[in-house]
Amino acid sequence: MHPALAVIFLTLFSGGGFGIMALTAIINDFQIDGGLNPLQTMVAVILSLVFVSIGMLSSTAHLANPKNAWRAFTRWRTSWLAREGVFAVLYYPFAFAYLVWVFFTAGTQDTVGLILANLAGLIGLITIFCQGMIYAVLRTIRQWNTALVPANFYVMGLAIGATILAAERMIMGAPALTLVGIALGLLVAAAVMKGIYYFWIARPNGPTIRTATGFNRSTVRILEQGHTFGTFLTEEFGHTLPSAKARSIKFMMYIFAFIIPVAALVIGFLTGQLFFAWLAIVSVVFGIGVERWLFFVEAQHVINLYHGRQQC
C-alpha cells in the first residue's frame with residue numbers, strides 16, 4: 001500500500017502522545033520513583049498534547065477535501081475511524097483540565113488531579129485501540145487482518161511514552177531507576193511483538209489467483225492485466241517492497257527503534273550524560289516511524305490479484 005506520510009505521522013505521534021498520558025497517570029497513581037512533580041507532570045501533559053495534535057492535524061492532509069473532515073465523526077456506530085475521531089477529540093478537555101489543575105493547584109497526587117489524569121489516559125488508550133482496529137478489520141489486506149495490529153499499536157505507543165518520560169526524569173535530574181526499567185521492558189516487549197508480527201505475515205497464507213478462481217488443483221496464471229494504465233487502485237495498493245530491501249530496512253528499524261534507545265537509556269542513567277537521554281527520544285521516534293512506514297508499504301491488497309501480482 002502507498003505509505004502516506006500523513007497517516008504515518010497520525011499513528012506515530014498520536015500513539016506516542018496517548019502513551020505519555022496513560023503512563024503519566026500510572027506513575028502518579030502508584031508514585032513510581034516518587035511520582036512526577038508538578039513541573040514534570042505539566043511537561044509530560046504538554047508533550048502528550050503536542051504529539052496528539054501533530055497526529056490529528058497531519059491526518060487532515062490525507063483527505064481530498066479537508067474541510068469535510070467533520071463527516072468522519074458521523075458514523076461512530078459502525079466505523080472504527082469515526083470512533084477514533086470521537087475519542088481523540090474527547091481526550092482534549094480532560095488532558096487540558098488536568099494540565100490547568102496541576103498548574104493552579106500543584107496537585108498531582110490529589111483525588112481530583114488523579115481522576116482527570118486517569119480519565120485522559122483511559123480515553124487515550126481507547127483511542128489507540130480504535131486506531132488499530134481501523135486496520136485489523138480489513139479482510140482485504142491479510143497483513144492487517146489480525147489482532148496483532150492493535151496489540152502492536154498499544155505496545156509501540158507505550159514504549160514511546162515510557163522512553164520519553166524516563167528521559168525527561170533523567171534530564172531534570174530526578175530519580176528514574178524504575179522508570180528506566182519500565183521503558184526498557186516496554187521496548188523489549190515491542191521488539192518481541194513486532195518480531196511475532198513479522199513472522200506471522202511471512203507465512204504463505206491468504207487468497208491466491210487459484211483460490212479466487214476456484215481452480216485449486218490447477219496451475220492458474222493471468223495472461224493479461226486488468227488494464228494497461230495506472231489507476232487509483234494501482235497507485236494506492238500496488239506498492240511492493242523487494243524482500244531483500246525489506247529485511248535491510250527492518251534491521252535498521254530494530255537498531256533505531258529498540259537497540260539504540262535501550263543502550264542510550266542505560267548509558268545515560270549510569271553516567272548521567274544528558275546527551276543519551278535526548279538520543280533515546282530521537283531514536284525511538286525515528287525508529288518507530290520507520291516501523292510504521294513498513295507497516296503500510298508491506299500491506300498487499302487483494303486487488304493485486306487482478307493485476308497479476310500474486311499474494312503470498
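A residue is called buried when its relative accessible area is under 20%, exposed when it is over 50%, and partly exposed in between, using a 1.4 Å probe and protein chains only. By that rule E291 is buried, because its relative accessible area is 2%.

The structure is a predicted model, in which local features need pLDDT of at least 70 and side-chain atom pairs count only at pLDDT 80 or more, while totals for chains, interfaces and linings use all residues. Residues are numbered from 1 along each chain as its sequence is written, and side-chain values use heavy atoms, leaving out hydrogens and water.

**Overall architecture**

The chain has 11 helices and 0 strands; helices (H or I, at least four residues) and strands (E, at least two) are DSSP runs, numbered from the N terminus. Of its 312 residues, 48% are buried. Among contacts (heavy atoms within 4.5 Å) with a separation of 6 or more, 79% join residues 24 or more positions apart. The accessible surface, from the Shrake-Rupley method with a 1.4 Å probe and, for residues, only the protein chains shown as cover, comes to about 15100 Å², and 71% of it belongs to carbon and sulfur atoms.

**Salt bridges**

A salt bridge is a side-chain nitrogen of Lys or Arg within 4 Å of a carboxyl oxygen of Asp or Glu. The whole structure holds 3 of them.

| Pair | Closest N to O distance |
|---|---|
| E291 and K194 | 2.6 Å |
| K250 and E298 | 3.1 Å |

E291 forms a salt bridge with K194. This pair links distant parts of the chain, with E291 in helix α10 (residues 274-297) and K194 in helix α6 (residues 177-202), 97 residues apart. K194 is likewise buried, at 2% relative accessibility. R292 and E291 are both buried, and K194, E291 and R292 are linked in a network of salt bridges.

K250 forms a salt bridge with E298. Here K250 lies in helix α9 (residues 243-271) and E298 in the loop between α10 and α11 (303-306), 48 residues apart. Relative accessible area is 18% for K250, which is buried, and 17% for E298, also buried.

**Helix α1 and S14**

S14 is found in helix α1 and is buried, with a relative accessible area of 0%. The S14 side chain reaches the backbone oxygen of L10 at 2.3 Å. Beyond its neighbours within four places in sequence, S14 is in contact with residues including F9, F51 and Q131.

Notes
A polar contact is a pair of N or O atoms within 3.5 Å; within protein, one must be able to donate a hydrogen and the other to accept it, and residues adjacent in sequence count only if both atoms are side-chain atoms.
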